[in-house]
Amino acid sequence: MKTIVLPDYNKNVLRAMLSLKIEERVLHKLQSDEVLIKTHAAVCNPSDIAFIQGVYNIVKPVPAIPGFEGSGQIVEVGEKAKELMGKNVSAFVQNDTHGTWAEYFVAKTSDVIVLSEDMDLDQGACFTVNPFTAYGLFEIVRIAGAKALIQNASGGQVAAFIRKMGDEFGCKVIDIVRKKETAEMLVAEGAKHVLIETDEDFDKQLKDICNKLKPTVAFDAVGGTLSGKMFNALAPHSDLVVYGGLSNKPMLELSIMDTIFNDKIVSGFNLIDWKKQLAEGEFEEISQSLQQKFIDGDYKTKIYNTVELVNIVKGIKGYLGNMSGGKLLIKP
Ligand SMILES: NC(=O)c1ccc[n+]([C@@H]2O[C@H](COP(=O)([O-])OP(=O)(O)OC[C@H]3O[C@@H](n4cnc5c(N)ncnc54)[C@H](OP(=O)(O)O)[C@@H]3O)[C@@H](O)[C@H]2O)c1
């Protein structure tokens, strides 16, 4: 099969991206709990960018095949996976020897979600990670009964699902973006409270809107001083939930007094750990209800561009230049 290969990690994202090449690889015999998936599409997420830079929590031996998420059809099965033969699936793979940026990839049965026949396979390529992340994060809002929340990286796809869930639940969403054009896009899509972090009076705007709406949950995918600004702007008895570190900076300027006297906490969210604590059958139930929302057209991952494996570098360049535009799909 043809696959994209990363020869070595490089903190410089441009160099890491330019080093990607196409190679032929031989497929090995499957373990009993494994399936072989003929790739329909793979996606490029921020975690893939961090991976090729060698700064993600998954480090495979190099040369490595990148790509954690994708969709396709099961074309070969191990002994214990016979019932999955021929199924369309969405998958999340983090094993050392395979990645989704390839013509075929191997996944464990526990890492695939069988897709309904009505589910679009392009949407399926971005189904296992972000919709469930937004769902898991939004559980915090539901449990807390929060009336308002703050989030950053609001032009991203997780944030877009959170906004949708906010509408459904009746929780007001304060969105923070870093570019004017992203703010305009969100407002055109119906977002009600959008702030631009680079505006001169951003701190005042954030304080004013928070005094009015009294958010008690904040979702932070950025870090740096924005973590502190969001934390400090939250109402008392609130939770800043960190789920990404897009700025590559530590969390800064969180008020000590607020933490002590206003009962504010900081917590982390990780999809894999969230999945592990679900009751038996719960993940399948959530998956069915989320898939139905995609099939009905209520939920959709925005896709900005689709490239073939050979055009990966061009594709990643475009994605990095306009992440809020939507996801990059990679097809064999
Ligand atoms: N913890 C978990 O389990 C989990 C699961 C899924 C995703 N995540 C994380 O969630 C975050 C969002 O993922 P996604 O798939 O929704 O992203 P996405 O759709 O690819 O979009 C990324 C968004 O982040 C913005 N952004 C990038 N770098 C930024 C920076 N330094 N400062 C401010 N904004 C920045 C982009 O804005 P521009 O258009 O301005 O570039 C864009 O709106 C990522 O950090 C990802 O790793 C975590």
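The side chain of Gln123 reaches the backbone nitrogen of Thr301 at 2.7 Å. That is a polar contact, meaning a pair of N or O atoms within 3.5 Å; within protein, one must be able to donate a hydrogen and the other to accept it, and residues adjacent in sequence count only if both atoms are side-chain atoms. Before going on, a word on the source: this is a predicted model, where local features need pLDDT of at least 70 and side-chain atom pairs count only at pLDDT 80 or more, while totals for chains, interfaces and linings use all residues. Residues are numbered from 1 along each chain as its sequence is written, and side-chain values use heavy atoms, with hydrogens and water left out.

Back to Gln123. This residue lies in helix 3, residues 121-124. Helices (H or I, at least four residues) and strands (E, at least two) are DSSP runs, numbered from the N terminus. Is Gln123 buried or exposed? Gln123 is buried, because its relative accessible area is 8%; buried means under 20%, exposed over 50%, and partly exposed in between, with a 1.4 Å probe and protein chains only. Not counting residues up to four places away in sequence, Gln123 touches Phe294, Lys300, Thr301 and Ile303. Contact here means heavy atoms within 4.5 Å.

Now the domains. The assignment gives domain 1 as 2-127 + 301-331, and domain 2 as 132-272. These bounds come from an automatic or database domain assignment. Taken over C-alpha atoms, the centres of the two domains are 29 Å apart. How many residues of domain 1 are in contact with domain 2? Eleven, and they meet ten residues of domain 2.

The area buried between the domains is about 890 Å², and carbon and sulfur atoms give 57% of that. Buried area is the accessible area (1.4 Å probe) that two parts lose on being put together, summed over both. On the domain 1 side, Thr301, Lys302 and Ser324 lose the most area to domain 2, together 45% of what that side buries.

Across this interface the rule finds one salt bridge. A salt bridge is a side-chain nitrogen of Lys or Arg within 4 Å of a carboxyl oxygen of Asp or Glu. Glu189 and Lys302 form a salt bridge, with their closest N and O atoms 2.9 Å apart. By class, the side of domain 1 that touches domain 2 has four nonpolar, five polar and two charged residues. In that scheme Ala, Val, Leu, Ile, Met, Phe, Trp, Tyr, Cys and Pro count as nonpolar, Asp, Glu, Lys and Arg as charged, and the others, Gly among them, as polar.

Next, salt bridges in general. Side chains of opposite charge can pair when their charged atoms come close. By the rule, the count comes to 16 salt bridges. Asp33 and Lys108 make one, at 3.7 Å from N to O. Asp33 lies in the loop between strand 2 (21-24) and strand 3, and Lys108 in strand 6 (residues 104-108), so the pair ties together parts that are 75 residues apart in sequence. Glu139 and Arg142 make another, at 3.4 Å. These two are separated by about one helical turn, because they are three residues apart in helix 4, residues 130-144.

Val43 is in strand 3, residues 34-44, and counts as buried because its relative accessibility is 0%. Val43 and Trp101 are 58 residues apart in sequence and 8.0 Å apart in space, C-alpha to C-alpha. Leu320, in helix 12 (residues 312-321), is partly exposed at 29% relative accessibility. Leaving aside neighbours within four places in sequence, Leu320 is in contact with Val13, Met17 and Ile49.

Last, the backbone. The peptide bond from Val62 to Pro63 is cis, with omega near -5°. Pro63 is in the loop between helix 2 (46-53) and strand 4 (69-77). Asn248 is not a glycine, yet its phi is positive, near 60°. Asn248 sits in the loop between strand 13 (239-242) and strand 14 (249-251), and counts as exposed at 61% relative accessibility.
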